[in-house]
Amino acid sequence: MKTIEFSYTPSDAVDPDALQHFFQDFEKRTNVTVRLDALDTKDARDTLNRFAVELKGADVSQIGSTWLRGLVDMNVLRPFSSREIHDLGGKESFLPVAWENALLPDKFEQYAIPWLVDVRVVCYRRDLLEKAGVDEQSAFVTAEAFDETLQRLQAAGVTIPWVVPTQHAWRSLHNVASWLWANGSDFISSNGKRATFADRDALAAFQAYYRLGRFMPPTVRNLGKSEAEQVFFEGNAAVTITGSNVLSMQPEILEHVGFALPMGRPFVGGSHLVIFKNTKIDEVALKFVQALTSVETQRTFGLGSLLPVKKDALANLTKLARQEGALAQYAMQAMTYGRSFFPLYLWGLVEARLVTGMAWLWEQSFELSPAELNIMIEKELGMLALRINRTLENLQGGDQ
């Protein structure tokens, strides 16, 4: 019996029980054993890079959408042919934003297949907004409205108006992206040669985001992604930004939850499937990717922490119970109006350093006055941008 090794990051993928059921079904149908390699989220990228360098490890891997560029540049991934893409249902069967997110603008080959999509939406307690006299329709349409909404929740006696992760978490970058994009700014220039997150408009966006820290009491100021989500899921906070795993809340709390697109420009990311060149079971690996992206499998996985990328599978979610359908509708809107990070050369370097820098900024920010906070953010992001720009210039050369 053949064996295929599949690596994935559990906290960013699907329910383990659903995944195990899929593996068992795949083994019965193909007589191929699946060996699962569950990677730690924080170290997953380094582990995949080690697979690449050592030419051993997984046959098929789930990767974060922004990790693709680095692996392609290392020349360790096997491209998919036009015929193989057709056998997967063709690109027309995938959500456009998911398919585009798996493309590299300067490459003709397709090195990744979308698997699941991650949409960041504002989740809020409708009953608490009503208590504070806040209009749901306009509560989160601008950064100023967002701030005012939290002010009013706090004034109405809500103990935890706002909760987001402040420890090292990729989600921090996904969250603050909405503030930057709404302010007409970005993290890096369109040609990938200059960090722009310390430019004036981007700094103003970062400052507005970190000022919201005053709406997080000390008990929720040092949380990771899962811990911050759990505070909201247990009904202890009024507002957060998260994904479809909000549906794991208790029904009596979930019925009071509403959804909104943060400033109308949510982050849309997700997971791709790639096949490493070192695989010795190429045909089996292709069948495995085909099974993982089938509409039937996508429907099974569609209510995990990520949403399906196949159009038919996502459309099916709108027919479910009220809250599931409402979230699916907002997810579909997000895929129309949202944005992803560009898979630019060396984006992974910028992303990693920013995530680390954002966690450090949170550690320092809570006891500062607004003026002190603004100065600290400008200083630290300015120095970080300077270091990154020197690195980009040395590695790439050319005009910035």
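This is a predicted model: local features need pLDDT of at least 70, side-chain atom pairs count only at pLDDT 80 or more; totals for chains, interfaces and linings use all residues.
Strand β3 spans residues 60-64. Of its 5 residues, 5 are buried, so the strand is largely enclosed by the rest of the structure. Burial here means under 20% relative accessible area. The side of β3 to which Val-60, Gln-62 and Gly-64 point is opposite to that of Ser-61 and Ile-63. Residues pointing either way are buried.

Two neighbouring strands were examined as partners of β3. Strand β1 (residues 2-8) runs parallel to β3 and is joined to it by 2 bridges. Within this pair, Ser-61 of β3 stands opposite Ser-7. Strand β8 (residues 268-275) runs antiparallel to β3, and 5 bridges join the two. Here Gly-64 has Ser-271 of β8 as its bridge partner.

The helix contact involves α1 (residues 16-30) and α12 (residues 282-292). Their axes come within 12 Å and cross at roughly 135 degrees. The crossing of the two helices is right-handed. On the α1 side, Phe-22, Phe-23, Phe-26 and Arg-29 make the contact. By class, the contact between α1 and α12 holds 7 nonpolar residues, 2 charged residues and no polar ones.

Note on methods
Residues are numbered from 1 along each chain as its sequence is written. Side-chain values use heavy atoms; hydrogens and water are left out. Buried means under 20% relative accessible area, exposed over 50%, partly exposed in between (1.4 Å probe, protein chains only). Helices (H or I, at least four residues) and strands (E, at least two) are DSSP runs, numbered from the N terminus. Two strands pair if DSSP finds at least two bridges between them. Axes are lines fitted to C-alpha atoms, for helices over the stretch in contact, and angles run from 0 to 180 degrees between N-to-C directions. A crossing is left-handed if the near helix is turned anticlockwise from the far one by less than a right angle, and right-handed if clockwise. Contact means heavy atoms within 4.5 Å. Ala, Val, Leu, Ile, Met, Phe, Trp, Tyr, Cys and Pro count as nonpolar, Asp, Glu, Lys and Arg as charged, and the others, Gly among them, as polar.
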